[in-house]
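Have the structure open while you read.

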Number of protein chains: 2
Amino acid sequence: MALNKEPYKGTRDFFPKQKRVQNYIFSKMKTAAESFGYEPYDGPLIEEVELYKAKSGEELINDQIYSFTDRGERFVAIRPEMTPTVARMVAQIHREESKPLRWYSIPNLMRYEKPQKGRLREHWQLNCDIFGAPGRFGEIEILQVAVNLMRSFGATAQDFEILLNDRSIVDLTFQKIMGLSKEVASKLYKIVDKSKKVPHEAVVEMVNKLGMNEKQQELFYSYLALKSFDDLGKFLEHHNELEARDNFLKFVSPLREMGLLDYIKYDATIVRGLDYYTGIVFEIFDKDPENRRAICGGGAYANLLQIFNEQPLAGVGFGLGDVTLTDFLKTHKLLPEGCENPVIDYLVTFQDERCVSRAFEVANILRSKNFKVVQHFEPLKMNKVFPLAEKKGASFVVIMGETEFNENTIQLKNLKTKQQETIALSDFKK
Amino acid sequence: MALNKEPYKGTRDFFPKQKRVQNYIFSKMKTAAESFGYEPYDGPLIEEVELYKAKSGEELINDQIYSFTDRGERFVAIRPEMTPTVARMVAQIHREESKPLRWYSIPNLMRYEKPQKGRLREHWQLNCDIFGAPGRFGEIEILQVAVNLMRSFGATAQDFEILLNDRSIVDLTFQKIMGLSKEVASKLYKIVDKSKKVPHEAVVEMVNKLGMNEKQQELFYSYLALKSFDDLGKFLEHHNELEARDNFLKFVSPLREMGLLDYIKYDATIVRGLDYYTGIVFEIFDKDPENRRAICGGGAYANLLQIFNEQPLAGVGFGLGDVTLTDFLKTHKLLPEGCENPVIDYLVTFQDERCVSRAFEVANILRSKNFKVVQHFEPLKMNKVFPLAEKKGASFVVIMGETEFNENTIQLKNLKTKQQETIALSDFKK
């Protein structure tokens with residue numbers, strides 16, 4: 001029986017046309033991260049499951065992880081996300097390094113999911129994290145990185161928005177203002193997380209099951225109705241939480257000054273499922289309803305190193321996936337025309353078969369001058385030279401026919417200017 | 001209990017210092033492959049085990065593969081090598097594409113091995129393959145790519161050598177000249193494969209068990225004693241295999257003309273374990289006995305698409321791993337000094353704390369001009385500015401003290417020329 005030619009479910013074959021598009025996206029990611037001095041890192045493809053258990057939500061561990069027992073009886077998983085790895089790495093070295101640490105990576109990750117629009121089993125994800133930044137500067141910079149990256153693709157505030165919340169304020173609201181226990185608060189988090197995906201009645205039904213009193217329910221719905229940073233400020237003021245309000249304003253004011261509020265909106269329903277966030281949380285969304293999944297998710301976490309028995313080190317980071325980003329760029333026609341096509345400098349051809357070894361020589365001389373050169377191995381008729389050159393994305397072609405063979409020359413044609421010149425082989429070799 | 005901070009056995013954490021070295025190596029790989037017009041591709045991290053079973057040696061499937069059953073009862077494995085994936089992908093599209101196809105990739109791969117010098121469980125591997133090249137041109141070009149890559153690191157014929165054989169000639173020797181059955185021949189392959197790693201007596205003992213007659217044994221040892229392309233030519237001539245000799249000379253002569261025989265030596269013991277090779281096979285070795293494992297292995301295969309019920313398509317390729325390559329580069333001091341260190345354009349600092357928001361502004365203006373900019377978030381004393389700038393690999397620093405705050409200027413210092421200039425903020429923003 002013949003084997004299946006298709007890739008494993010939920011993964012992609014990147015043929016050169018697709019890989020060049022991905023490379024374009026990766027190079028923008030790299031440029032944006034490095035423009036802020038983020039330094040590259042990478043970690044192992046697999047980690048022990050314990051690490052994910054300690055850091056991630058239950059759903060991830062139970063249903064979505066590619067876990068297995070290795071031949072040495074270690075229970076391991078293909079990395080579903082990069083944050084636990086980066087935390088493990090930072091835990092090793094943070095005491096010797098001056099802060100802040102700024103790191104980025106573009107790892108391949110796997111989650112066992114039902115493949116659907118915007119969600120595959122394997123994807124790549126830009127991870128940017130800053131550790132040990134003072135005050136709220138890390139949060140501000142991370143948002144800047146995300147905005148600059150999106151803008152570097154040519155995206156504008158018409159195309160995308162960053163929806164942002166602050167977990168410390170949600171905690172304050174649920175536990176202090178509403179007076180809920182940690183346990184009920186954590187259940188309410190899950191309801192908030194789902195609230196935009198289900199009808200309002202379903203939210204009400206879920207809330208009713210939590211046994212909150214009328215006052216608490218009222219507070220909850222007034223929280224859920226907050227639509228802007230101003231709303232949130234008034235809400236905190238109304239409940240006499242002036243310190244929390246001022247602290248949050250200290251974070252929002254510079255964003256406003258820097259023009260970032262053109263992109264960033266307050267959203268009470270953004271809480272991010274994973275447990276480790278303690279400060280801001282945010283997600284980037286395409287404004288086109290065609291693409292409903294978040295392009296990016298991130299936030300601030302204070303305690304990520306504690307599972308390694310290390311002192312707390314404040315961190316802020318995001319993960320931005322290539323699947324949703326590519327959908328976004330295609331929807332808004334932000335992929336540059338032709339970025340999927342090959343580009344080379346020279347196509348080396350010969351028409352007289354006696355030039356075959358000369359073709360090898362010419363091609364390798366051009367390579368030694370740092371050109372990209374495709375060598376055609378067999379005599380190529382003149383009427384086929386230019387179609388092939390175009391297909392290969394060549395700027396120049398080398399032509400060697402009978403005359404060139406006899407006269408020890410090569411013909412060089414510039415495909416843009418159409419200029420053609422004859423060069424003595426002896427000069428060319430110099 | 002605190003979690004383990006170490007990476008999973010046999011894998012590596014790439015901190016920025018190590019990742020930059022890897023990026024240097026990857027960029028050389030990419031440049032070498034693209035200088036021959038090889039096009040980038042990538043495939044899934046996991047494939048169905050059936051695919052590896054069909055194409056790889058038994059040892060790999062039984063003992064060395066990271067295989068598991070997914071939640072949908074598919075028996076899959078983390079890719080241990082790239083060739084089966086590239087074959088599967090080429091099988092999908094080869095009928096529509098003009099030949100030759102030239103493809104490269106630098107995937108991460110995993111094998112369950114005992115971690116040791118030159119061998120880890122996770123590594124990255126440059127894969128270059130050419131499909132559908134006429135005659136022996138594909139084999140020649142693939143060797144050129146490998147040599148050019150090694151040379152691009154500054155390596156010379158004093159540092160490395162390519163040991164090469166031809167499986168079609170080994171087949172001819174074992175089956176036609178020696179008259180062995182396919183079964184015995186295949187056992188003999190395995191002995192040849194091991195022959196350099198064990199004492200000669202062990203080879204004799206293994207050979208004795210195969211039940212070959214005296215004449216066959218004599219032929220085998222005379223084959224094993226061949227030390228050069230000339231030896232091989234004479235051996236074939238002696239056994240009246242003139243066609244095979246001429247065919248092989250047609251391959252060797254251009255290599256000689258192109259100077260590639262400075263790097264490439266004939267080696268009768270190179271056969272490569274995997275089953276799919278049908279033409280040349282080769283491995284690159286460090287000449288320093290410190291590093292004994294092959295840096296690279298490759299060869300030509302005629303039938304890789306048949307498992308997909310496709311017409312045969314001749315291919316030649318190699319895989320070159322980052323672990324052995326890095327050992328090689330370190331041994332021969334071929335990693336450029338400082339390639340592990342960060343490089344940025346600007347470090348933006350302020351000494352007067354009122355300049356904090358100006359620092360954000362200045363830094364982002366510089367980024368919009370495509371500079372790499374690290375912004376320091378807190379007032380930095382003058383005596384700490386230059387040590388920090390050096391550590392960050394900055395070419396310039398921005399300084400903003402009380403004078404600059406009052407006069408709406410910034411100080412810009414070029415760290416190479418030591419020149420310092422004062423720029424009005426209004427000019428800077430233009």
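1. Start just past helix α12 of chain B: Lys333(B), which follows that helix directly, takes a positive phi of about 50°. Keep in mind throughout that this is a predicted model, so every value below is computed from predicted coordinates.

2. Is Leu163(B) buried, partly exposed or exposed? It has 18 other C-beta atoms within 10 Å, so it is partly exposed; the cut-off for buried is 20 or more. Setting aside neighbours within four places in sequence, Leu163(B) is in contact with Lys265(B), Asp267(B), Ile270(B), Phe282(B), Glu283(B) and Phe285(B). Also have a look at Ala294(B): it sits 131 residues from Leu163(B) along the chain, yet their C-alpha atoms are separated by 9.8 Å.

3. Another helix in chain B to check is α7, residues 182-194. Its 13 residues reach 19 Å from the first C-alpha to the last, close to the 18 Å expected at 1.5 Å a residue. Leu188(B), Ile191(B) and Val192(B) are its buried residues. Viewed down the axis of α7(B), the buried residues fall within an arc of 100°, so they line one face of the helix. Turned away from that buried side are the exposed residues Lys182(B), Glu183(B) and Ser186(B). The cover over the buried residues of α7(B) includes α6 (167-177) and α8 (200-208) of chain B.

4. Now the overall picture for chain A, which has 16 helices and 17 strands. The radius of gyration of chain A is 28 Å, well over the 22 Å that the globule rule gives for 430 residues, so the chain is more spread out than a compact globule. Along the principal axes, the C-alpha trace of chain A spans about 95 × 55 × 50 Å. Of the 430 residues in chain A, 45% count as buried. Looking at contacts in chain A with a separation of 6 or more, 68% come from residues 24 or more positions apart.

5. How do the two chains meet? On the chain A side 70 residues are in contact with 70 residues of chain B. Helix α1 (residues 16-35) of chain A gives the largest share of the side of chain A that touches chain B, with 6 residues. By residue class, that side of chain A divides into 37 nonpolar, 13 polar and 20 charged.

6. On to the nonpolar core: the largest one has 250 residues, and those with the most contacts inside it are Ala146(A) and Ala146(B). Which residues does Ala146(A) touch? Not counting residues up to four places away in sequence, Ala146(A) touches Ile162(A), Ile284(A), Cys296(A) and Phe318(A).

7. Please check the backbone at Pro100 in both chains. A cis peptide bond joins Lys99(A) to Pro100(A), with omega about -5°. The bond from Lys99(B) to Pro100(B) is cis as well, with omega near -5°. Pro100(A) is in the loop between α4 (83-93) and β5 (101-105) of chain A, and Pro100(B) is in the loop between α4 (83-93) and β5 (101-105) of chain B.

8. Asn370(A) has phi near 70°, a positive value in a residue other than glycine, and lies in the loop between α13 (356-368) and β14 (373-375). With 9 other C-beta atoms within 10 Å, Asn370(A) is exposed. Lys418(A) is not a glycine either, but has a positive phi of about 65°. This lysine lies in the loop between β16 (409-414) and β17 (420-424) of chain A. Lys418(A) has 7 other C-beta atoms within 10 Å, so it is exposed too; the cut-off for exposed is 12 or fewer.

Terms used. Residues numbered from 1 in each chain as written. Chains lettered and ligands numbered in written order. Predicted model: local features only at pLDDT ≥ 70, side-chain atom pairs only at ≥ 80, totals over all residues. Helix = DSSP H or I, 4+ residues; strand = E, 2+ residues; numbered from the N terminus. Rg over C-alpha atoms; globule rule 2.2 N^0.38 Å. Contact = placed C-beta atoms within 7 Å. Expected span 1.5 Å × (residues − 1). Arc of directions from axis to C-beta. Nonpolar A, V, L, I, M, F, W, Y, C, P; charged D, E, K, R; others polar. Core = buried A, V, L, I, M, F, W, Y, C linked by C-beta atoms within 7 Å.
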